[in-house]
Amino acid sequence: MLSLYMSFCYLCNCMILIKQVKSLLYKEILLEWRSKYAFNGILLYVISTVFVCYLSFKTTPPLVWNALFWIILLFAAINAIAKSFMQESKGRLLYYYTIASPQAIIISKIIYNILLMMIMSAIAFLAYQIVFQNAVANLGLYLIAVLLGSISFSTVFTMISAIASKAGNNGTLMAILSFPVIIPLLMLIIKLSKNAMDGLDNSVSYDEIGVLCLINIVVIAVSLLLFPYLWRD
Amino acid sequence: MMYKNWWKVLSVILVLFSVTGGLLIDVPALPILHESIRNLYYHVPMWFAMIIIYLVSVIYSIKYLGSGKENDDLITVESVNTGIIFGFLGLGTGMIWANFTWGAPWPNDPKLNGSAIATLMYLAYIILRGSIDEEQKRAKISAIYNIFAFPIMVVLIFVLPRLTDSLHPGNGGNPGFGAYDLDSNMRYVFYPAVLGWILVATWIMTIRFRIRIIENKNNQIQ
């Protein structure tokens, strides 16, 4: 009887959590939709970086092409996601604290950042392809790499931005803290997308895809565990 | 006194034994490696000590989040400081070894790059600590970063080198040391060296921790 009650409670909590995540996510998207500041700003950032790279490189060998694309996305992601906690005022954070659980807040931020990064990297990839014109042999796999890349950037940087925002809203700190953490993921992603460029068989890349998914799950789990401690002030 | 400090005596004995034994005891004659194989006794234990002492720091970070005791935080930060020292020692000994056997002090090897990045991660931890003034907040936030970064460091050092080609034994299809060239003579020196250096690292950490406590006491307003 007790266990039934417990499982019912658990289910109930899950429902509440999902509801909170939904409304917080809705709020994030609505705020963004009203101002379009972050999205447009980052979009312009990406496009102009692509263009600067094009003007300075003209044509690139495939290895450089691939690395350059990921470096552009890396900096765009840091700039985009650094805002996710820094734009929140202290009063608003206090308000969230009273109405939502910390898990709901971090999950909604992560989902929002994943959506933002996915749209951004898709546009960046398109612009990059048009300007640079480089044949990607296995386009499907490359798009999977872009998708996994934007998910990995979002999961890692959301938590780091939460940490950095507690340590005094400092852009340098965000970069210092996130680079060592993202480099292993970036190495895997670059390897995966290089495989896609060379047109290797999909089965060659299963190792990288598996490890990337695993790291993302671990990062999300650790974020869920740690964010409640970070949250309380 | 002795029942508390036996491990310090043990560490001194083990390290002295492995340092002298490493230079004197016979090693198998192998191509390329030749006598430089003796560096195994000095290079590899540094990494073992580093990993263990970083593990200690993460355990105490978790403990700090649970307890909120200042001492747990001090152990964490001193473990990280000691770990960074051992990380640099490992990189240094490794670079000397690589220069003689692989032809360059910094060959493009995933283990080298991985350990350099792990060192960056802990240097970032130190910078993060420096950027926050309030003591409890500093302890809490740096503990969170430490725990967050650790699983990724584990992936970096243990998983990635196995996915890519590495010059190190035991990675990328290379057989591990134990497979053919770590003969029994070498084991007698290698295992004591590992244990000895781990104990020395712990000893350094505890000394630094106690210095911190004394400093904190001195800095308090009477």
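Here is a short chat about a predicted model with chains A and B.

Biologist: Before we start, which ground rules apply to this predicted model?
Modeller: Local features need pLDDT of at least 70, side-chain atom pairs count only at pLDDT 80 or more, and totals for chains, interfaces and linings use all residues. Residues are numbered from 1 along each chain as its sequence is written, chains are lettered from A and ligands numbered from 1 in the order in which they are written, and side-chain values use heavy atoms, with hydrogens and water left out.

Biologist: Chain B, then. How many helices and strands are in its secondary structure?
Modeller: Chain B has seven helices and zero strands. From the N terminus, its elements read α-α-α-α-α-α-α. Helices here are DSSP runs of H or I with at least four residues, strands are runs of E with at least two, and both are numbered from the N terminus.

Biologist: How much of chain B is buried?
Modeller: Of its 222 residues, 49% are buried. Buried means under 20% relative accessible area, exposed means over 50%, and partly exposed is in between (1.4 Å probe, protein chains only).

Biologist: And what is the accessible surface of chain B?
Modeller: About 11,100 Å², with 66% of that belonging to carbon and sulfur atoms. Such areas come from the Shrake-Rupley method with a 1.4 Å probe; for residues, only the protein chains shown count as cover.

Biologist: What about contacts within chain B?
Modeller: Take contacts between residues at least 6 apart in sequence: 73% of them join residues at least 24 apart. Contact means heavy atoms within 4.5 Å.

Biologist: What area do the two chains bury?
Modeller: About 2,500 Å² between them, 85% of it on carbon and sulfur atoms. Buried area is the accessible area (1.4 Å probe) that two parts lose on being put together, summed over both.

Biologist: How many salt bridges cross the interface of chain B and chain A?
Modeller: The rule finds zero there. A salt bridge is a side-chain nitrogen of Lys or Arg within 4 Å of a carboxyl oxygen of Asp or Glu.

Biologist: Then how many residue pairs are in polar contact between chain B and chain A?
Modeller: Three, with both residues at pLDDT 80 or more. A polar contact is a pair of N or O atoms within 3.5 Å; within protein, one must be able to donate a hydrogen and the other to accept it, and residues adjacent in sequence count only if both atoms are side-chain atoms.

Biologist: What does the side chain of B:Lys140 reach?
Modeller: The backbone oxygen of A:Tyr229, at 3.3 Å. B:Lys140 is in helix 5 of chain B. B:Lys140 is buried, with a relative accessible area of 17%.

Biologist: Back to salt bridges. How many over all chains?
Modeller: Seven. One of them joins the side chains of A:Lys191 and A:Glu208 at 2.7 Å, N to O. A:Lys191 is in helix 7 (residues 171–197) of chain A and A:Glu208 in helix 8 (residues 206–231) of chain A, 17 residues apart.

Biologist: Is A:Glu208 buried or exposed?
Modeller: Buried, at a relative accessible area of 3%. A:Lys191 is partly exposed, at 30%.

Biologist: What does B:Glu78 form with B:Arg208?
Modeller: A salt bridge, with the closest N and O atoms 2.7 Å apart. B:Glu78 lies in helix 3 (residues 70–101) of chain B and B:Arg208 in helix 7 (residues 184–219) of chain B, so the pair ties together parts 130 residues apart in sequence. B:Glu78 is buried, at 2% relative accessible area.

Biologist: And how do B:Arg212 and B:Glu78 meet?
Modeller: In a salt bridge, 3.0 Å from N to O. B:Arg212 is in helix 7 of chain B and B:Glu78 in helix 3 of chain B, so this pair ties together parts 134 residues apart in sequence. B:Arg212 is partly exposed, at 25%.
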